[in-house]
Amino acid sequence: QGAARWRRFAVFSKEEEAESNNGTGETGLERERNIQTAKSALLRAVEGTGRGVDASASQRAEIEECQVAVEAAGRQLSAPASTLAGRWRLQYTTAGDVLGLLGLRPPSPVVVGDIFQDFD
């Protein structure tokens, strides 16, 4: 088999979900349901992973599959950039520099709380 494909990515959840109305009728509703289903599966997959620190290889593979499904479901969506506006909380990451900080355990004097990214 080919070499594993590694890609650095992060999963954030929006602190307050913005209302979405793209006015596309039933097809838009189906698309929105598919996106919501994919997003819910991704958020369930990252639960209990310590934002990625405690994820097993099989969990990482499942999370990447879910992340690809979210991208595919949302690819057809033409939402305005303004829907990104808000405060997003880090749920999962593969970024080594962040995982190093998140992996600090007692008796470390450093405690890493929630990590947010703000979009204007």
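The protein has three helices and three strands, where helices (H or I, at least four residues) and strands (E, at least two) are DSSP runs, numbered from the N terminus. The model is predicted, so local features need a pLDDT of at least 70 and side-chain atom pairs count only at pLDDT 80 or more, while totals for chains, interfaces and linings use all residues. Residues are numbered from 1 along each chain as its sequence is written, and side-chain values use heavy atoms, with hydrogens and water left out.

**Overall organisation**

Read from the N terminus on, the elements follow the order β-α-α-β-α-β. Of the 120 residues in the protein, 21% are buried; buried means under 20% relative accessible area, exposed means over 50%, and partly exposed lies in between (1.4 Å probe, protein chains only). The accessible surface of the protein comes to about 8,400 Å², and 52% of this surface belongs to carbon and sulfur atoms. Such areas come from the Shrake-Rupley method with a 1.4 Å probe; for residues, only the protein chains shown count as cover. Among the contacts in the protein with a separation of 6 or more, 83% join residues 24 or more positions apart. Contact here means heavy atoms within 4.5 Å.

**The sheet**

Three strands form an open sheet in the order β1-β2-β3, with antiparallel pairing. Two strands pair if DSSP finds at least two bridges between them. The edge strands, each pairing on one side only, are β1 (10-14) and β3 (116-119). On average, neighbouring strands of this sheet are turned by 35 degrees against each other, direction ignored. For this angle, axes are lines fitted to C-alpha atoms, for helices over the stretch in contact, and angles run from 0 to 180 degrees between N-to-C directions.

Strands of a sheet pair through backbone hydrogen bonds, either parallel or antiparallel. Between β1 and β2 there are five bridges in the antiparallel sense, and Ser13 has Arg89 of β2 as its bridge partner. Strand β2 (residues 86-93) pairs with β3 in the antiparallel sense over four bridges. Trp88 is partnered by Gln117 in β3, and Gly86 by Phe119 in β3.

**Salt bridges**

Side chains of opposite charge can pair when their charged atoms come close. A salt bridge is a side-chain nitrogen of Lys or Arg within 4 Å of a carboxyl oxygen of Asp or Glu. By this rule the count comes to three salt bridges, listed below.

| Pair | N to O distance |
|---|---|
| Arg105 and Asp54 | 2.7 Å |
| Asp118 and Arg87 | 3.2 Å |
| Arg89 and Asp114 | 2.3 Å |

In the salt bridge of Arg105 and Asp54, Arg105 lies in the loop between α3 and β3 and Asp54 in the loop between α1 and α2, so the pair ties together parts that are 51 residues apart in sequence. Arg105 is partly exposed at 43% relative accessibility, and Asp54 is partly exposed at 42%.

The side chains of Asp118 and Arg87 also meet in a salt bridge. Asp118 is in strand β3 and Arg87 in strand β2, so this pair ties together parts that are 31 residues apart in sequence.

The salt bridge of Arg89 with Asp114 links distant parts of the chain, with Arg89 in strand β2 and Asp114 in the loop between α3 and β3, 25 residues apart. Arg89 has a relative accessible area of 24% and is therefore partly exposed; Asp114, at 48%, is also partly exposed.

**Residues in the loops**

The loop between α1 and α2 contains Thr49 and Arg51. Is Thr49 buried or exposed? At 0% relative accessibility, Thr49 counts as buried. Leaving aside neighbours within four places in sequence, Thr49 is in contact with Asp54, Ala55, Gln59, Ile63 and Tyr92. Arg51 has a positive phi of about 60 degrees although it is not a glycine. With neighbours within four places again left aside, the contacts of Arg51 include Leu90, Tyr92, Leu102 and Asp114.

Pro107 belongs to the loop between α3 and β3, and the peptide bond from Pro106 to Pro107 is cis, with omega near 20 degrees. Val110 has its place in the loop between α3 (96-102) and β3 and counts as partly exposed at 42% relative accessibility. Together, Leu101, Leu104 and Val110 make a nonpolar surface patch of about 240 Å². Patches are made of residues with over 30% relative accessible area and no salt bridge: like charges are joined within 9 Å, and nonpolar side chains (Val, Leu, Ile, Met, Phe, Trp, Tyr) within 5 Å.
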